[in-house]
Protein chains: 2
Amino acid sequence: MTQASAPIDLSQLRRSCRACGLLELCLPAGIDQAELERLDSSVRDKRTLESGGMLFRQGDPFHALYVVRSGTLKTVVQDADGAQQVLGFHLPGEIVGVDALAHDTHQSSAEALERSSICELPYSRLEELTSQIPGLQRQLLRIVSREMVAEQSHVVTMGRQQAQERLAIFLRSLSERYGRLARDTTHLILPMSRYDIANYLGVVVETVSRLFTRMEDLGVLRVSRKVIHILRPDMLGEMCGAGGARERAGRAS
Amino acid sequence: MTQASAPIDLSQLRRSCRACGLLELCLPAGIDQAELERLDSSVRDKRTLESGGMLFRQGDPFHALYVVRSGTLKTVVQDADGAQQVLGFHLPGEIVGVDALAHDTHQSSAEALERSSICELPYSRLEELTSQIPGLQRQLLRIVSREMVAEQSHVVTMGRQQAQERLAIFLRSLSERYGRLARDTTHLILPMSRYDIANYLGVVVETVSRLFTRMEDLGVLRVSRKVIHILRPDMLGEMCGAGGARERAGRAS
DNA sequence: GCGGCCAATTGATCTGGATCAGTTCCGCGG
DNA sequence: CCGCGGAACTGATCCAGATCAATTGGCCGC
């Protein structure tokens, strides 16, 4: 490890991050700049997907992790009887493909919701690097664990029985995540369809549509197709937690 | 201690596995027996929990991973407004605590559903070992990824809108998991309460109770409190996939 | 501008599961 | 053996959200 004394050039770093995406993830791993640059050079591969393009499909052999550089992806599973479930949406800077680490095969499909640019990290190269850079290994573990926690929040969201709470939680979390990309967290652009949102939340499209209308009537937000303007973040927050409704189902044991 | 050339003594290995639990997880990592034994000796710490006892609580600092040796645990999250959500049940041989890797803090609580014996793996010790045993690191990554995939299946389950499908999927998966522990997969013992099951599936207790009765009436299984006897695994399987019902909600995009 | 197409919205109706209110079952301590 | 207490089950009712059926709105190619 290098001079703890010389502080890392953050702005330059950010630029590389923007350029590749992975590096952002390595930041907390205590990796110094020289290593970062070395890393960057090895993962510069990029891909561009049109809207609807598939990054990988369920069952594909695993050979790389991916970082979204721009655009948005969704991950979807299709089970035996053809039912689909949207697992998540992936914004710029977020990682995709972690589900394949366990079985050497992708357990879900990743599809672009709009023109997207993706940074590909061949796993063979990554393994090489992790053996050289001790902090990276740990960081990788953190990332996967973080993905697991994200999946858990999804479960918690779907555990809510009021559809309005689910949607409110979804919008709030989206707003928070956009916060890393834009200053204004009150204007959301939803690249996913109403069908995707509905499926993600475990309700039907009509319900999502009606809820948007209801929220608009309540003065919580303004809707115009792909754009949501949150007028009252406080009210949205209230709607997340048992919004005036009675207690949740089955408090355990 | 053995030589790397000699094939691993599987039966002896299994015994150690049973004894500690972690080792099972390392099996595919290409670790030789000498290393396994070294590993075993360092993680032999055990704990016993009575029914209702907490292994860790949401917010606790992270310092160890755990493997269930005997008994059953449940993991639960409690969000801001006090709503609880059961995330999962953990049978003997399964790992718990992975959710803390990302944030150095447990994101959920783990509670024993019956008298349980737990094997504790201090993370500091684990880190030490991973630096010495290359395959272990990779294996750890796999394990966390596997946990993530498990969480994804939970999402898929909760995405089903027919409560009966959810319960059927739950029972089937439980039956499969018990298969690793007992020959007979048609007799399930449910250590968790109906409340836990309901909460896990995102329905209310009454619904679970009624569904059990309905399934019994259909001749799919026999219920007597904690014991479920699956009479017709084939019918149970059918009930998992759009059992005669119409198509699932919002096929995406 | 016009027509076709598809996503989104709205309206009307139906129903599965939530809610409310007991009742039954079973283990346990006296 | 009896009475108590908590979990599980059942029955009656209600309602949020699913389903079915149009309608609207926006975009694109002609």
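**Exercise 1. DNA strand C**

A polar side-chain atom of Arg194(A) lies 2.7 Å from a phosphate oxygen of DNA strand C. This is a predicted model, where local features need pLDDT of at least 70, side-chain atom pairs count only at pLDDT 80 or more, and totals for chains, interfaces and linings use all residues. Residues are numbered from 1 along each chain as its sequence is written, chains are lettered from A and ligands numbered from 1 in the order in which they are written, and side-chain values use heavy atoms, leaving out hydrogens and water.

Task: find which elements give two or more residues to the surface near DNA strand C.

Solution. 
- Step 1. Take Ser209(A): an N or O atom in its side chain is 3.0 Å from a sugar or linking oxygen of DNA strand C.
- Step 2. Turn to chain B. A polar backbone atom of Val204(B) is 3.4 Å from a phosphate oxygen of DNA strand C.
- Step 3. Name the elements: α8 of chain A and α8 of chain B. Helices are DSSP runs of H or I with at least four residues, strands are E runs of at least two, and both are numbered from the N terminus.
- Step 4. α8(A) gives the most, four residues.
- Step 5. List the neighbours. Near means that a heavy atom of the residue lies within 4 Å. There are 20 residues around DNA strand C, and Arg194(A), Thr213(A), Ala163(B), Val204(B) and Thr207(B) come nearest.

**Exercise 2. DNA strand D**

Task: state how the residues of the surface near DNA strand D divide into nonpolar, polar and charged.

Solution. 
- Step 1. Collect the residues. DNA strand D is surrounded by 20, the closest being Ala163(A), Thr207(A), Arg194(B), Arg210(B) and Thr213(B).
- Step 2. Check the DNA side. Sugar and phosphate make up 70% of the atoms of DNA strand D within 4 Å of the protein.
- Step 3. Look at single pairs. A polar backbone atom of Ala163(A) is 2.4 Å from a phosphate oxygen of DNA strand D. For Thr207(A), a side-chain N or O atom is 2.3 Å from a phosphate oxygen of DNA strand D. Arg210(A) points to a base instead: a side-chain N or O atom is 3.0 Å from a base oxygen of DNA strand D.
- Step 4. Sort. The surface has four nonpolar, eight polar and eight charged residues.
- Step 5. Find the main supplier. α8(B) gives the largest share, four residues.

**Exercise 3. Helix α6 of chain A**

Task: decide whether Gln164(A) is buried or exposed.

Solution. 
- Step 1. Gln164(A) is in helix α6 of chain A.
- Step 2. Check the helix length. The 16 residues of α6(A) (residues 163-178) should span 22 Å at 1.5 Å a residue, and the end C-alpha atoms are 23 Å apart, which agrees. The expected span is 1.5 Å times one less than the number of residues.
- Step 3. Apply the cut-off. Buried means under 20% relative accessible area, exposed over 50%, and partly exposed in between (1.4 Å probe, protein chains only). Gln164(A) has 17%, so this residue counts as buried.
- Step 4. Find its partner. The side chain of Gln164(A) makes a polar contact with that of Arg214(A), at 2.8 Å. A polar contact is a pair of N or O atoms within 3.5 Å; within protein, one must be able to donate a hydrogen and the other to accept it, and residues adjacent in sequence count only if both atoms are side-chain atoms.

Terms used
Ala, Val, Leu, Ile, Met, Phe, Trp, Tyr, Cys and Pro count as nonpolar, Asp, Glu, Lys and Arg as charged, and the others, Gly among them, as polar.
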